[in-house]
Amino acid sequence: LEKLSSALMIVDSHKDKFLAMVSHDMRTPLNAVLGLSESLAEGVYGDMNAKQVQSINTIAESGRHLLSLINDLLDLAKIGAGKMELELDNANVEDMCQASLRFVLEQAQKKNLKLTLAMDNKSIMLTGDERRLKQILVNLLSNAVKFTPDGGSVTLETKCDIDSESLMFSVRDTGIG
C-alpha cells in the first residue's frame with residue numbers, strides 16, 4: 001500500500017508538471033492570436049467593414065475564452081493541491097449572458113436555430129466568479145445547440161428573486177433533452 005501511495009504521488013506530480021507545460025505552450029500562440037486580432041480591430045492594418053470587425057471581435061472573444069479554458073487546466077492542478085480559489089468580482093448578468101450566447105452563435109446559425117435571451121431584470125449585477133459562470137453557461141448552451149435539431153430554438157433565461165437574493169439561470173431547447 002505504501003508503494004502504491006508513493007507511485008500515485010509521483011504520477012500526480014508529473015500530471016501537474018504536464019499541465020503547467022501544456023498551458024504555457026498553448027498560451028504563447030494564443031497570445032499572438034489575441035494581439036493580432038486586437039491590432040486588426042483597432043485598424044492598424046487598414047479599415048475593415050462592419051462584418052469584418054464583428055468577425056475579428058468574435059475571434060478575440062473566443063481567444064479570451066480559450067485562454068480561460070487553458071487557465072482551467074491549471075485550476076485542475078490547484079484543485080488537486082487544495083489551493084483552488086474563486087475570483088469573486090461584480091459582474092453584469094446581461095453582459096455575461098450575451099457573451100455566452102455569442103460564443104455559440106455561429107454553431108446555432110449553421111443549424112438555423114433561434115437563440116433567445118429572456119431576462120426578467122436586465123440590470124442585475126452579481127458577485128461571483130464570472131469566468132467560471134460563463135464557462136458553465138457556454139457548456140450548457142453548447143450542449144443545447146448540439147442536440148437541438150435544425151430549425152429549433154435555444155433559450156437562455158434568468159429569473160431574479162430580489163427578496164431571497166437569488167438568481168436562476170436556465171437553458172431550454174427544443175432538442176431531445
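**Note on a predicted single-chain model**

1. Apart from neighbours within four places in sequence, Asp129 makes contact with Leu86, Glu87 and Leu88, contact meaning heavy atoms within 4.5 Å. Asp129 belongs to the loop that joins strand E3 (125–128) to H4. Its relative accessibility is 6%, so Asp129 counts as buried; the classes are buried for under 20% relative accessible area, exposed for over 50% and partly exposed in between, with a 1.4 Å probe and protein chains only.

2. On the basis of the note: this is a predicted model, in which local features need pLDDT of at least 70 and side-chain atom pairs count only at pLDDT 80 or more, while totals for chains, interfaces and linings use all residues. Residues are numbered from 1 along each chain as its sequence is written, and side-chain values use heavy atoms, with hydrogens and water left out.

3. The chain holds four helices and five strands, in the order α-α-β-α-β-β-α-β-β from the N terminus. The radius of gyration is 20 Å, well over the 16 Å that the globule rule gives for 177 residues, so the chain is more spread out than a compact globule. That radius is taken over C-alpha atoms, and the rule is 2.2 Å times the number of residues to the power 0.38. Helices (H or I, at least four residues) and strands (E, at least two) are DSSP runs, numbered from the N terminus.

4. The C-alpha trace spans about 60 × 50 × 35 Å along its principal axes. Buried residues make up 28% of the 177 in the chain. Among contacts with a separation of 6 or more, 73% join residues 24 or more positions apart.

5. The chain has 19 positive and 25 negative charges, and their mean positions are 6 Å apart. Lys and Arg count as positive and Asp and Glu as negative, whereas His and the chain ends are not counted. Each charge is placed at NZ of Lys, CZ of Arg, CG of Asp or CD of Glu.

6. Helix H4 covers residues 130–146; at 1.5 Å a residue its 17 residues should span 24 Å, and the end C-alpha atoms are 24 Å apart, which agrees. The expected span is 1.5 Å times one less than the number of residues. The buried residues of H4 are Arg131, Arg132, Leu137, Val138, Leu141, Ser142, Ala144 and Val145.

7. Two loop residues deserve a look at the backbone. Asn112, in the loop between helix H3 (93–110) and strand E2 (114–119), has a phi near 55°, a positive value in a residue other than glycine. With 60% relative accessibility, Asn112 counts as exposed. Glu165 is likewise not a glycine and has a positive phi of about 50°. Glu165 sits in the loop between strand E4 (153–161) and strand E5 (166–173), and its relative accessible area of 73% makes it exposed.

8. Two residue pairs give distances across the chain. His14 is placed in helix H1 (residues 2–41) and is partly exposed, at 49% relative accessible area. Its C-alpha atom is separated by 41 Å from that of Gln54, 40 residues apart along the chain. Arg102, in helix H3, counts as partly exposed at 41% relative accessibility. Arg102 and Leu30 are 72 residues apart along the chain, and their C-alpha atoms are separated by 20 Å.
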